[in-house]
Amino acid sequence: MTRRLARLRARLAEERGFTLIELLTALSMLVIVVTALSAALVSAGNAERDMNRRFGSQINARLALDMLRREVHCAASVTGAADEIQIVLGNRCPTAAGGTTVRWCAEGSGTRYALYRQLGASCSTSGAKRVDYLTTNALFAITASSSSSLAYVTVTLPVNTNPASGRPDYRLTDDIVLRNSTRS
């Protein structure tokens with residue numbers, strides 16, 4: 001037993017280190033593991049950033065559609081085209097004083113447009129941006145009143161933060177009735 005103990009003490013007292021081959025092997029294994037982990041972390045960070053951008057754009061589209069719905073419901077009149085509508089607000093509208101003109105317009109190019117809201121006679125990028133990452137500027141369609149229905153505005157908000165990815169648009173669509181219109 002004492003002999004074994006002496007051998008064990010002798011081995012522990014040795015000051016041998018690692019060989020260069022052992023050190024390089026351990027270092028290369030460490031580099032492989034760290035590279036794999038960093039690639040996974042970068043990929044996760046990019047996915048989170050993309051998800052947050054998509055979620056934020058979808059929330060902004062819902063909020064803009066809600067505000068637009070409130071303004072169209074209390075509108076005295078609505079006119080416009082596919083990329084812009086002009087709303088003359090009625091007297092009981094909570095978003096602005098009666099008789100105020102509000103314009104909603106899509107500005108941009110290619111596959112990236114933004115929806116702006118501005119008080120006054122013209123609409124531009126100086127207005128309040130309500131939605132970003134729209135894939136088209138054809139957002140509005142106005143249907144005149146008939147003998148069976150009131151006038152209404154069809155709003156379509158196709159949101160996609162990265163159209164080149166092949167992912168489908170997040171599409172919000174609503175028909176908003178002009179409550180102050182009359183049947184003809």
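Entry 1: I looked up V31 and placed it in helix α2, residues 20-73. The model is predicted. V31 has 47% relative accessibility, so I log V31 as partly exposed. I then checked for a surface patch around V31. F18, L20, L23, L24, L27, L30, V31 and V34 form a nonpolar one. Together these residues have about 850 Å² of accessible area.

**Entry 2: strand β2.** I turned to β2, residues 84-89. Which residues make up the covered face of β2? I noted I85, I87 and L89 there. E84, Q86 and V88 make up the uncovered face. In a regular strand, side chains alternate between the two faces of the sheet.

**Entry 3: partners of β2.** I followed the pairing on to β1, residues 75-80. β1 and β2 are antiparallel, with five bridges. I found G80 opposite I85 in β2. A hairpin of three residues joins β1 to β2. Next I checked β3, residues 101-109. β2 and β3 also run antiparallel, joined by five bridges. Here I found E84 opposite C105 in β3.

**Entry 4: T161.** I moved to the loop between β7 (152-159) and β8 (170-177), where T161 is found. Is T161 buried or exposed? I log T161 as buried, because its relative accessibility is 12% and the cut-off for buried is under 20%. I then listed its contacts, leaving out residues up to four places away in sequence. T161 touches D50, R53, R54, S57 and Y133.

Conventions:
Residues are numbered from 1 along each chain as its sequence is written. This is a predicted model: local features need pLDDT of at least 70, side-chain atom pairs count only at pLDDT 80 or more; totals for chains, interfaces and linings use all residues. Side-chain values use heavy atoms; hydrogens and water are left out. Patches are made of residues with over 30% relative accessible area and no salt bridge: like charges are joined within 9 Å, nonpolar side chains (Val, Leu, Ile, Met, Phe, Trp, Tyr) within 5 Å. Accessible areas come from the Shrake-Rupley method with a 1.4 Å probe; for residues, only the protein chains shown count as cover. A salt bridge is a side-chain nitrogen of Lys or Arg within 4 Å of a carboxyl oxygen of Asp or Glu. Helices (H or I, at least four residues) and strands (E, at least two) are DSSP runs, numbered from the N terminus. Buried means under 20% relative accessible area, exposed over 50%, partly exposed in between (1.4 Å probe, protein chains only). Two strands pair if DSSP finds at least two bridges between them. Contact means heavy atoms within 4.5 Å.
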